[in-house]
Amino acid sequence: MAKFASTDATLAVETTPGGGIYALVAAGITHSMSIDNGVTDTSDKDESRWGSEASFGKRVVQIPVEGFVTDDANFALIEAAVEAGTASLNFQYSYGDSKTVTGAFSISAFNYDATNFEAQKCTFTLTNNGEPTFA
């Protein structure tokens with residue numbers, strides 16, 4: 001079974017809205033992806049104590065990111081969107097063997113961290129804003 005390097009998991013932002021060209025967000029340290037399929041408990045008394053669920057709930061893709069603060073143009077796009085309160089930007093998260101999740105993502109909980117004698121870091125979370133495309 002093939003294993004994939006963590007450096008092969010990348011995060012890219014669309015450089016011009018609607019342009020379809022994505023470029024890597026520089027200085028990323030860690031990022032991950034979670035998918036919540038929003039299941040709802042539909043258990044009743046006739047289940048003989050076995051639970052049952054249905055996928056009636058909201059589906060959410062979240063990508064938490066940690067990285068260094070840089071003067072990279074793509075990082076500046078994210079900073080500008082956060083400062084302006086822009087609803088979302090288009091991102092592409094690549095992982096595994098060339099798998100991707102692409103779509104509009106809202107940027108939430110953007111934080112700067114400046115610990116003494118260390119490089120400045122930032123953290124933020126991307127949450128899908130509409131249905132993403134899985135490829």
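Lys and Arg are counted as positive and Asp and Glu as negative, while His and the chain ends are left out. On this count the protein chain has 7 positive and 17 negative charges, and their mean positions lie 11 Å apart. The model is a predicted one.

The C-alpha trace spans about 60 × 35 × 35 Å along its principal axes. Of the 135 residues, 25% are buried. The accessible surface amounts to about 8800 Å², and carbon and sulfur atoms account for 51% of that surface. Contacts were also sorted by sequence separation. Of those between residues at least 6 apart in sequence, 55% link residues at least 24 apart.

Strand 9 pairs with several partners. This strand covers residues 99–113. Strand 8, residues 89–95, pairs with strand 9 in the antiparallel sense through seven bridges. Here leucine 89 faces phenylalanine 105 of strand 9. Three residues separate the two strands, which form a hairpin. Glycine 96 lies in the turn and has a positive phi of about 55°. Strand 10, residues 121–128, also runs antiparallel to strand 9 and is joined to it by seven bridges. In this pair, aspartate 113 is opposite lysine 121 of strand 10. Strand 11, residues 133–134, pairs with strand 9 over two bridges, again in the antiparallel sense. Threonine 102 is opposite threonine 133 of strand 11.

Threonine 100 belongs to strand 9. Its relative accessible area is 15%. The cut-off for a buried residue is under 20%, so threonine 100 counts as buried. Beyond its neighbours within four places in sequence, threonine 100 contacts Gln92, Tyr93, Ser94, Tyr95, Thr133, Phe134 and Ala135.

Helix 1 spans residues 73–84 and includes isoleucine 78. Isoleucine 78 is buried because its relative accessibility is 0%. Residues up to four places away in sequence aside, isoleucine 78 touches Val25, Leu89, Phe91, Ile107, Phe110 and Phe124. Leucine 89, one of these contacts, is the residue that stands opposite phenylalanine 105 in strand 9. The C-alpha atom of isoleucine 78 is separated by 11 Å from that of threonine 123, a residue 45 places away along the chain.

Backbone angles were examined next. Most residues other than glycine have a negative phi. Alanine 109 has a positive phi, near 50°. This residue lies in strand 9. Alanine 109 is exposed, because its relative accessibility is 51% and the cut-off for exposed is over 50%. Phenylalanine 117 is not a glycine either, yet its phi is positive at about 65°. Phenylalanine 117 sits in the loop between strand 9 and strand 10. With a relative accessibility of 80%, phenylalanine 117 also counts as exposed.

Definitions and conventions: Residues numbered from 1 in each chain as written. Predicted model: local features only at pLDDT ≥ 70, side-chain atom pairs only at ≥ 80, totals over all residues. Heavy atoms only, no water. Buried < 20%, exposed > 50% of the residue type's maximum accessible area, 1.4 Å probe, protein only. Contact = heavy atoms within 4.5 Å. Areas by Shrake-Rupley, 256 points an atom, 1.4 Å probe, with all protein chains shown as cover. Charge placed at Lys NZ, Arg CZ, Asp CG, Glu CD. Helix = DSSP H or I, 4+ residues; strand = E, 2+ residues; numbered from the N terminus. Pairing = 2+ DSSP bridges.
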